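Please look at the sequence and the model first.

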Amino acid sequence: MTRRSGLVAIDALLLALAVLSLVVAETGGGAVRIAGVRVSVQTWWRPVVGTLILMVIRVWAYRTTPPFGTPWSRIIDRGRPSPLPVPAAREQLLALMALAAVSVVYWPQFAHLDRVPDLGDPLFSMWRLAWVDHQILANPLRLFHANIFFPTAAALTLSDSMILPGLTAIPLLRSGIPLSVAYNILLMSGFVLSALAAFVLARALGFGVIASWVAGLYFGLCPFRLDHYSHLELQMTQWMPLALLSAHRVMATGRWRYVVWLGVVLAAQWYSSMYFGMFLTLYVAVFALALAVAWRCWRPLTMVALGTVAGVVLALPLAHAYGASEHDRGLRSSRDVTEFSAVPLDYLQTTPHSALYGEVQIAGPRLPERVLFPGAAPIALAAVSLAPPLNATRAAFLLAGVAAFDGSLGLNGHWYPWAYQWVGPFQSIRAPARFAMLVSLSSRCLRRRASTGWPVSRVPRVCRGSWRSS
């Protein structure tokens with residue numbers, strides 16, 4: 001018993017020192033007072049040295065014992081994948097009604113569909129919807145040549161063109177619904193449909209009904225949306241969970257129909273919000289790669305790559321229009337990008353629009369685009385869900401979420417500076433902090449599931465015998 005207690009203590013201290021090293025490396029360190037004693041850590045290498053010394057002791061004393069003395073089978077779930085069917089239409093309808101009911105209470109805007117929250121971006125979004133409605137029927141070949149800033153060509157590309165929301169609004173506008181009402185219907189639909197899509201993803205991954213509904217609720221009503229309440233295009237996130245569901249099904253079944261769905265859904269995200277289209281494409285790539293490594297199954301990864309490329313190809317008209325106007329638009333300077341790149345402490349900054357957290361300020365003033373606190377309950381649920389055993393799907397969401405988190409740090413992060421320097425589209429992005437929406441989605445999917453595995457005969461032949469977990 002004493003030997004096991006020593007092992008647990010050493011492993012716990014190793015984990016704490018490793019986390020401390022990462023925190024200090026990212027934040028520059030700091031000082032706290034514990035029981036009146038001032039503890040200061042300003043350099044990352046000291047906890048790293050402590051970690052290495054403790055690691056040597058641990059290997060010498062317990063070299064054959066797994067972490068915390070727990071069998072590997074209880075740490076890593078090596079079960080076969082078992083994709084579950086998408087919930088039936090009746091269940092989706094009931095979930096939609098329940099999510100809509102909560103949204104009506106949460107968003108008073110439902111009672112004032114003829115009003116807008118402010119006179120800035122909402123009016124601009126209404127003009128974009130009206131322009132698409134007018135031009136798509138009058139002369140679609142000149143859709144991007146909007147009637148502003150004459151003689152600037154392709155003036156619609158000076159911002160996100162929101163083609164798909166504009167097309168969605170056409171039936172509403174043509175039926176005589178006022179523009180402000182059509183705008184608010186689209187705005188509210190972003191919350192409800194995003195929540196429903198997250199519910200469907202969670203159910204298909206094996207969550208219970210209540211857990212799936214909570215996951216949908218948190219994604220549809222997350223604080224990020226509050227802080228971007230005036231940005232219509234940033235509410236159009238219903239395609240994100242569907243893209244991840246499609247990618248997961250491709251990896252789990254190897255069926256081409258899910259490849260088609262993946263391409264279509266990614267293209268829909270590009271045409272709804274170009275920011276999130278680019279971010280989601282990268283997220284799907286990391287997510288699928290993590291699954292391929294865990295399951296040692298590479299052919300489905302190639303299929304996911306083809307679906308991703310298909311989505312990008314479908315978005316080429318957007319790329320062509322924005323590429324042609326690059327001279328007039330210019331590129332984002334590193335100074336501008338740095339201003340809207342998050343730092344880790346921004347994830348503790350609460351939006352002043354929150355009734356629960358609005359008065360809480362943790363670290364300095366709230367900066368535009370950098371109020372990223374997801375709420376205490378989602379953080380707690382995500383932390384609990386990381387308890388072992390960890391299966392491949394949760395590991396994939398975790399790794400993709402870490403990549404999105406680092407992306408939200410922009411030029412303060414690790415991979416984004418390279419992308420900004422060498423990948424042209426990144427030089428047009430002003431606010432990398434918007435990656436936080438995908439961080440939020442990741443935390444909603446980090447739950448354990450309990451379901452029986454597929455019979456081996458139903459596992460794709462190309463991957464039989466090489467699966468790890470779902």
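A residue is called buried when its relative accessible area is under 20%, exposed when that area is over 50%, and partly exposed in between, using a 1.4 Å probe and protein chains only. The model is predicted, so local features need pLDDT of at least 70 and side-chain atom pairs count only at pLDDT 80 or more, while totals for chains, interfaces and linings use all residues. Residues are numbered from 1 along each chain as its sequence is written, and side-chain values use heavy atoms, with hydrogens and water left out.

**Salt bridges**

Side chains of opposite charge can pair when their charged atoms come close. A salt bridge here is a side-chain nitrogen of Lys or Arg within 4 Å of a carboxyl oxygen of Asp or Glu. The structure holds six of them, including those in the table.

| Salt bridge | Distance, N to O |
|---|---|
| Asp-133 and Arg-174 | 3.0 Å |
| Glu-369 and Arg-430 | 3.5 Å |
| Arg-434 and Glu-369 | 2.6 Å |

Arg-434 lies in the loop between H19 and H20, and Glu-369 in the loop between H16 and H17, 65 residues apart. Helices (H or I, at least four residues) and strands (E, at least two) are DSSP runs, numbered from the N terminus. Salt bridges with shared partners join Glu-369, Arg-430 and Arg-434 into one network. Arg-434 is buried, as is Glu-369.

Elsewhere, the side chains of Asp-133 and Arg-174 meet in a salt bridge. This pair links distant parts of the chain, with Asp-133 in helix H5 (residues 121-138) and Arg-174 in helix H6 (residues 163-174), 41 residues apart. Asp-133 has a relative accessible area of 12% and therefore counts as buried.

**Helix H17**

Which residues of H17 are buried? They are Pro-378, Ala-382 and Ser-385. These residues cover an arc of only 65° around the axis, so they sit on the same side of H17; the arc is that of the directions from the helix axis to the C-beta atoms. On the other side of H17, Ala-383 and Val-384 are exposed. The buried residues of H17 pack against helix H8 (209-220), helix H18 (392-408) and H20.

**Ser-180**

Ser-180 belongs to helix H7 (residues 179-204). Its relative accessibility is 16%, so Ser-180 counts as buried. Beyond its neighbours within four places in sequence, Ser-180 is in contact (heavy atoms within 4.5 Å) with Leu-113, Asp-114 and Met-126.
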